[in-house]
Amino acid sequence: MYSLKAYNTFGIDVKAKEFISVSSLSELQSVLEKYKHEEIFVLGGGSNMLLTQDIEKPVVHINLKGIQIAKQDENYVWVEAQAGENWHQFVLWALENDFGGIENLSLIPGNIGSAPIQNIGAYGVELKDVFDNCKAIHIKTQEIKTFTKEDCLFGYRESIFKSTEKGKYIILSVTLKLTKKNHKISTSYGVIANELQKMGITAPTIQDVSKAVISIRQSKLPDPKEIGNSGSFFKNPVVPQKIYEKIQEQYPEMPFYKVSEDEIKIPAGWLIETSEFKGKRFGDAGVHQKQALVLVNYGNATGEEIYNLAKTIQNTIFDKFGIEIEMEVNVF
Ligand SMILES: Cc1cc2nc3c(=O)[nH]c(=O)nc-3n(C[C@H](O)[C@H](O)[C@H](O)COP(=O)(O)OP(=O)(O)OC[C@H]3O[C@@H](n4cnc5c(N)ncnc54)[C@H](O)[C@@H]3O)c2cc1C
């Protein structure tokens, strides 16, 4: 039995019967061939999963490495990165080369291969804004297919890999279209503008934006190396205007973002805080003191304890506000 504690950012100590790390396509193909009549468990950086039980399926850790420039023109560069590259290291590589578009996504944990699955996003930018295509291998047929941006059906923390194609493909590489010049500086999120102001910067470069994002994230989010967590545990719910108005009568201070004519996004963190869960601890499972959206493992919590806490939060919010909040983290 193989402990997965070091392979998931929640630091949950579950065991895998079998653990295979693959660092080339041919290795992956032979593993898929060997297990073609069984299910496998695909593991990237383990930063978006809650493991509640031992894994009976063979765990296949995607460790394909390599970054290469696929093509470029005067203004843009198309960079293909293999699935096992660490996302943040890739962002730093892009910044060193002065390639723009992903600086707002600095310090997001996990690997490139998982980034399209939930269309990672932060501070006003999502992967889809720079995504060109990804290559993926079908787990059962081993057919290799290229998915364009349109194919991926990206949405808020959503893609085809979380809906109709869920669990069917392993992403092998991702190609992003980054800017070489005339970078679009995205500081529409007030906190970034404030941080840059604190840093005394009036004409920010992409490197400055990255530094500001890193500084904000380090001050707000718990570092999984110090305290187990998986970032935002829940998605922010989007509700019809009417429901929003009804809740707002009772809670006029409720924050919101209008997403369409008739739809309003409500911060799940606010719902959790208003339900008095922020900073609460139940054994070693808890809700972070600064970020109500982040569930944490104070040391020896089991995945089941964290899952039960998540369920309690969901039920309490439903009873109090009539809103169902959905888990962003993948529970196994
Ligand atoms: C502190 C912290 C902060 C975070 N902040 C953010 C944030 O700001 N924005 C955001 O969007 N997310 C955030 N996250 C979530 C997480 O970083 C992302 O979801 C990330 O993309 C997960 O990558 P991973 O490699 O760790 O995926 P894993 O946890 O390993 O896997 C996630 C899912 O993808 C599958 N999978 C993994 N690799 C592949 C592959 N190559 N092909 C097919 N399927 C695969 C797994 O089976 C699993 O279902 C945060 C997490 C943490 C811990």
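The model is a predicted one: local features need pLDDT of at least 70, side-chain atom pairs count only at pLDDT 80 or more, and totals for chains, interfaces and linings use all residues. Residues are numbered from 1 along each chain as its sequence is written, and side-chain values use heavy atoms, with hydrogens and water left out.

Let's start with charge. Side chains of opposite charge can pair when their charged atoms come close. Searching the whole structure gives 15 salt bridges, each being a side-chain nitrogen of Lys or Arg within 4 Å of a carboxyl oxygen of Asp or Glu. One of them joins E39 to K57, with 3.7 Å from N to O. E39 sits in the loop between α1 (25-34) and β4 (41-43), and K57 in the loop between β5 (49-50) and β6 (59-62), so this bridge ties together parts 18 residues apart in sequence. Helices (H or I, at least four residues) and strands (E, at least two) are DSSP runs, numbered from the N terminus. E39 is exposed, at 53% relative accessible area, while K57 is partly exposed, at 35%. For these words, buried means under 20% relative accessible area, exposed means over 50%, and partly exposed is in between (1.4 Å probe, protein chains only).

Now turn to R157 and E328, whose closest N and O atoms are 3.7 Å apart in another salt bridge. R157 belongs to the loop between α3 (149-152) and β13 (169-179), and E328 to the loop between α8 (303-321) and β21 (330-331), so the pair ties together parts that are 171 residues apart in sequence. Both partners, R157 and E328, are buried. Elsewhere, salt bridges link E126, K128 and D129 into a network.

R281 is worth a stop, with two kinds of contact to look at. Its side chain meets that of D284 in a salt bridge of 2.8 Å, N to O. The charged end of R281 also lies over the ring of Y298, 4.1 Å from the centre; this calls for NZ of Lys or CZ of Arg within 6 Å of the ring centre and within 35 degrees of the ring normal. R281 is partly exposed, at 47% relative accessibility. K177 likewise lies over the face of Y76, 4.2 Å from the ring centre.

The whole structure holds 18 aromatic pairs. Y244 and F256 form a tilted one, with 4.9 Å between centres and 50° between planes. Rings of Phe, Tyr and Trp (its six-membered ring) pair if their centres lie within 6.5 Å; planes under 30 degrees apart count as stacked, over 60 as edge-to-face and the rest as tilted. Y244 is buried, at 5% relative accessible area, whereas F256 is partly exposed, at 41%. In a separate group, ring pairs join W87, F90, W93 and F99 into a cluster.

Finally, look at helix α8. Its buried residues are G303, I306, L309, A310, I313, Q314, I317 and F321. Seen down the axis of α8, they fall within an arc of 140°, so they line one face of the helix; the arc is that of the directions from the helix axis to the C-beta atoms. An α-helix has 3.6 residues a turn, so residues three or four places apart point the same way. After α8 comes G322, with a positive phi near 70°.
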